Amino acid sequence: MKRSRTLPPVRVVLRVLIFCCICVGALWGGGADAATNAKGTFHLVGIGPGDVDLLTTRALTVIRQADVVFCARKNQEMLKPLVNFDGKEVLTDYRLLFRFYGKRCEEIPEGERTVNGTSCEAYHRKQTEFVALVRTAIGAGKRVVVLSSGDPTLYGPDVWCLRALSDLNPVVVPGISAFNAANAALQARLGEVILTAPFQREGRTDTIEALAGHQRATLVVFMPRDMKALFARLAKVYAPDTPAAIVCSAGMAGAQKVVSGTVAGFAADQGGIDSRLAMVYVGGALAEAGGAAGGKGSPEGKGKFYLVGMGPGDSDLASLRALSVIEKADLIFAGDQIVKRFESQLAGKKVLTGYHRLFPFHGKACADVKAAEATRERMSCEEYHRKQAEFASLARAAMARGKTVAMLDSGDPMVYGPCAWTLSELSDVNTEVVPGLSCFNAANAAVRAGVTEGKNSHSVILASGWSVEEMAAHQTAMVLFTMRTDFKHFIEKLSHHYAPETPVAIVASAGYADKEAVTHSTLGTVLFQAGEKRLPFEYMLYVGDFLENSVGRISSRKGNQ
């Protein structure tokens with residue numbers, strides 16, 4: 001039977017939100033009160049892709065409390081409805097300074113020392129100038145922020161400054177990536193994901209050609225640049241009828257566009273798609289994507305269903321867009337933990353619990369379920385089917401009366417999300433996915449390193465317990481969603497492909513301000529270091545040489561010198 005709870009009156013919400021903002025400001029505004037701390041703070045802030053409502057409330061709080069803001073002019077204009085910039089020092093001339101950082105100009109081939117009309121030496125001068133400005137401001141007790149579009153740790157042009165300012169204990173505020181926004185636009189359950197870019201460099205083990213071919217994985221290409229050349233490469237390694245999609249302007253209301261097809265079809269014609277704000281997806285999971293259908297199904301004037309990513313960890317990692325859906329929703333489905341995290345925002349709303357993790361056996365005949373598979377779940381196949389049907393009946397009944405229905409999911413609902421099944425269950429009605437910050441994005445911020453900034457690779461694989469060894473063969477950066485998989489299993493499988501000295505990191509409770517923790521180690525020593533202590537359910541495992549640039553690891557090395 002369903003459990004219905006009506007939460008406290010709406011009039012409580014404003015008071016609670018004001019109190020939360022004060023608390024969040026104390027935690028994430030830097031704690032740089034001159035009365036208690038002579039030094040200022042430095043934050044690299046992910047502001048999300050697309051529209052301003054994809055900003056998290058944590059990011060908004062940090063920006064509002066900043067004294068010095070480094071940002072693009074367009075981002076300042078976008079934020080003006082939410083942020084009062086009066087009294088803040090805004091610096092707009094220090095963008096895209098990552099090129100040549102950490103490299104000696106004289107060691108770079110002469111024909112490669114100039115990019116966009118700017119020489120390597122000029123980039124170095126500008127980087128030095130930026131670092132000096134930040135250090136001076138922090139020395140004066142000021143709160144300094146750099147605003148970076150999307151997730152700054154995923155192909156972010158500003159992640160270099162974490163290394164340059166590692167001694168200042170920089171903080172990364174995670175941001176929703178263009179990847180998360182494009183996932184929401186596609187409405188496809190992706191499974192394992194390979195995030196890459198169309199680089200072609202000698203000695204790389206993570207080229208598109210090398211990474212292609214995994215039946216259960218989805219290849220996601222950032223910065224496709226030359227679409228014709230990209231699909232010519234894809235056509236050589238994928239079957240002609242492999243599903244593909246191009247997502248343009250992800251996260252931008254009114255401009256966002258999803259074009260679906262096949263590898264062969266796009267290889268023949270990209271239809272004049274602008275590659276500058278596009279991402280390319282390839283893989284079998286796209287066969288069931290619902291995003292290209294747009295506002296499908298529901299008759300005029302009828303209700304709508306939202307699958308809403310609420311982020312991991314603390315409630316301030318939810319986006320403004322997610323909170324706006326809660327505000328307008330008439331009926332909300334949510335798990336007990338989400339109800340607890342967002343108690344104030346859900347005040348006065350009709351909230352049904354008990355329908356959150358119902359994906360097992362969805363769309364599968366119970367007669368085909370093997371005994372070993374059935375014993376892993378808390379209910380029988382038949383019980384899951386009854387609860388799934390019950391959810392669909394309740395949602396449809398509400399939408400038939402013109403109501404807005406929302407299912408609140410943790411993290412990014414399209415990457416290992418337990419509620420993504422609801423999209424196929426309600427495929428005939430008007431549905432929309434609100435992108436959420438993934439535990440991947442939050443853990444990236446905790447690690448404080450560019451996950452695509454390895455020595456020998458610029459890709460990252462998101463994998464799980466049942467695919468770890470297959471994906472580890474590429475020896476690129478990996479992020480493992482551990483879920484209920486035994487920790488020793490991961491280390492044993494990874495050890496078949498990575499050297500013992502390969503850096504690893506365990507991120508526990510990513511996104512929780514009071515208990516988030518990062519443990520650095522190597523593949524050969526991590527089991528000894530972890531000992532017999534039990535890891536929390538909410539932990540992720542990172543592996544790859546990009547971790548050499550993690551702020552925590554850099555600080556540890558300096559401390560041992």
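Two strands count as paired if DSSP finds at least two bridges between them. With that in hand, welcome to a few close-up views of this predicted model.

**Figure 1. The whole chain, for orientation.** The chain holds 19 helices and 23 strands. Of its 561 residues, 53% count as buried. Take the contacts between residues at least 6 apart in sequence: 72% of them join residues at least 24 apart. The accessible surface is about 24700 Å², and carbon and sulfur atoms account for 51% of that.

**Figure 2. Strand 10 (residues 217–221) and its two partners.** On one side of the story is strand 9 (residues 192–196), which pairs with strand 10 in the parallel sense over five bridges. Here Ile 194 has Leu 219 of strand 10 as its bridge partner. Strand 13 (residues 278–282) also pairs with strand 10, this time in the antiparallel sense and over three bridges.

**Figure 3. Strand 10 from side chain to side chain.** Five of the five residues of strand 10 are buried, so the strand is largely enclosed by the rest of the structure. Ala 217, Leu 219 and Val 221 point one way, while Thr 218 and Val 220 point the other way.

**Figure 4. Leu 462 in the largest nonpolar core.** In soluble globular proteins, nonpolar side chains tend to be buried together. The largest nonpolar core here has 45 residues, and Leu 462 is one of those with the most contacts inside it, as are Phe 179, Leu 195, Tyr 281, Phe 440 and Tyr 542. Leaving aside residues up to four places away in sequence, Leu 462 touches Phe 179, Glu 192, Val 193, Leu 195, Val 415, Tyr 416, Phe 440, Val 479 and Phe 481. Another core, of 42 residues, lies apart from this one and includes Val 263, Val 282, Ile 461 and Met 478.

Figure 5. The strands follow the order 4-3-7-2-8, and their pairing is parallel. Strand 4 (89–91) and strand 8 (171–173) are the edge strands, each pairing on one side only. Neighbouring strands of the sheet are turned against each other by 20° on average, direction ignored. Within the sheet, strand 2 (residues 41–46) and strand 7 (residues 143–148) run parallel and are joined by six bridges. Look for Val 45, whose bridge partner in strand 7 is Leu 147.

**Figure 6. Helix 2 (residues 57–64), largely enclosed.** Seven of its eight residues are buried, so the rest of the structure largely encloses helix 2. The buried residues are Thr 57, Arg 58, Ala 59, Leu 60, Thr 61, Val 62 and Ile 63.

Methods
Residues numbered from 1 in each chain as written. Predicted model: local features only at pLDDT ≥ 70, side-chain atom pairs only at ≥ 80, totals over all residues. Heavy atoms only, no water. Helix = DSSP H or I, 4+ residues; strand = E, 2+ residues; numbered from the N terminus. Buried < 20%, exposed > 50% of the residue type's maximum accessible area, 1.4 Å probe, protein only. Contact = heavy atoms within 4.5 Å. Areas by Shrake-Rupley, 256 points an atom, 1.4 Å probe, with all protein chains shown as cover. Core = buried A, V, L, I, M, F, W, Y, C linked by side-chain atoms within 4.5 Å. Axes fitted to C-alpha atoms, helices over the stretch in contact; angles between N-to-C directions.
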